[in-house]
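Please open the structure in your viewer and keep the selection tool at hand.

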Amino acid sequence: MLNRVLNTAFEIGKEKTELGTVATYIPELGKADKNDLGVCISTQYGMTLCAGQCEKRFTIQSISKIINFAVALEKLGAEKVFERVGMEPSGDAFNSLMKLEKADSTPHNPMVNAGAMVICGYLTEICTFEEMLQHARRWCMDEEIYMDEDVYASEMANLSRNRAIAYLLHSKGYITADVEKTLDLYVKMCSLSVTAKSLANLGLVLACKGVDPKTNEVLLQPETVKIVNTIMFTCGMYDGAGEFALRVGIPSKSGVGGGIISVVKGTMGIGIYGPALDAKGNSIAGIEILEYVSKNLNLHMFE
């Protein structure tokens, strides 16, 4: 049944790709083929089901925010992490500056750019990029993950808005680390090259309370996983998170490279690659696929 639902969902998603557009504000991302689509499901019982381009590599972009967030929680603890970043949905675009000038201007959550830069500010002082890369490889069960140099260079050459956000945060004391080093780590993590299968594997670890079900190795502490999944559910799909929570009801995080990671508690991780995006920056086919899978397998958290 799972395979049938996956294949049907894939065909439904495929019909939606023509309605989306690829991200172009990072020129290298604009080279993606909007018709590409891949879906992977990885289950706690060791099954891996794929449809479409599950092994095609693309850059993780904002999905890296959950890796950064998890590392910060593991190394610093939640109390320290949330001293300078909030835990509420913003209702604004992921790269918005609008509310950062206000007196109470704490970045809303770790899933928007401002909050993610605060997290990278913490990490810059305690981790190297190479250590972060190893965490990504381990948690995604993908030793082939690498930093895409072309995407990294393209992002660094078009960083004005994020640089403005970072320096504003620095001026207000939310980032105390070197701003340029913070931005460099942030962009390098966004430039990691992954697959839909990589994301499904990471989703499975988050679904299984931080344990690799294949080896029983503890990769993340249960408290870290609880916090990450909660923030993903409320804030993971940009300013479309509320509608997505209602329609799909699964903790998820998207990236403008076309990826979506979804976490079905105790059951499975889902990874999607579909670079045709909707107006809010989410994979348009990916959302349709997840809604179909959720409804037909009764995966909504409140079913």
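The stops that follow cover pockets, helix contacts and cavities.

The model is predicted, so local features need pLDDT of at least 70 and side-chain atom pairs count only at pLDDT 80 or more, while totals for chains, interfaces and linings use all residues. Residues are numbered from 1 along each chain as its sequence is written, and side-chain values use heavy atoms, with hydrogens and water left out.

**Stop 1: the largest pocket**

Select Lys226, Asn229, Pro251, Lys265 and Met301, which are the closest to the centre of the largest pocket among its 16 lining residues. A pocket is an open set of points on a 1 Å grid over the protein atoms alone, with protein on both sides within 12 Å along at least five of seven lines; lining residues have an atom within 4 Å of a point. The volume of this largest pocket is about 360 Å³, a volume being the space filled by probe spheres set on points joined across faces, edges and corners.

Next, colour H9, helix H10 (222–235) and strand E9 (259–264), the elements that give two or more residues to this lining. Helices (H or I, at least four residues) and strands (E, at least two) are DSSP runs numbered from the N terminus. H10 gives the most, with 6 residues. The lining of the largest pocket comprises 11 nonpolar, 2 polar and 3 charged residues; here Ala, Val, Leu, Ile, Met, Phe, Trp, Tyr, Cys and Pro count as nonpolar, Asp, Glu, Lys and Arg as charged, and the others, Gly among them, as polar.

**Stop 2: the second largest pocket**

The second largest pocket holds about 290 Å³ of space. Select Glu28, Leu29, Ala32, Phe58 and Thr59, the closest to its centre of the 21 residues that line it. Strand E3 (58–59) and H6 are the elements that each give two or more residues to this lining. The lining of the second largest pocket divides into 10 nonpolar, 3 polar and 8 charged residues.

**Stop 3: H6 against H8**

Show Tyr152, Glu155 and Met156 of H6 with Asp184, Val187, Lys188 and Cys190 of H8, which make the contact (heavy atoms within 4.5 Å). These residues divide into 4 nonpolar, no polar and 3 charged.

**Stop 4: H2 against H8**

Ser64, Lys65, Ile67 and Asn68 in H2 meet Tyr186, Met189 and Cys190 in H8.

**Stop 5: the second largest cavity**

Which residues line the second largest cavity? Select Ile66, Ile67, Ala70, Trp139, Leu202, Leu206, Leu220 and Val228. A cavity is a set of points where a 1.4 Å probe fits but cannot get out. This one has a volume of about 30 Å³. H2 (64–76) supplies the largest share of the lining, 3 residues, and the lining as a whole has 8 nonpolar, no polar and no charged residues.
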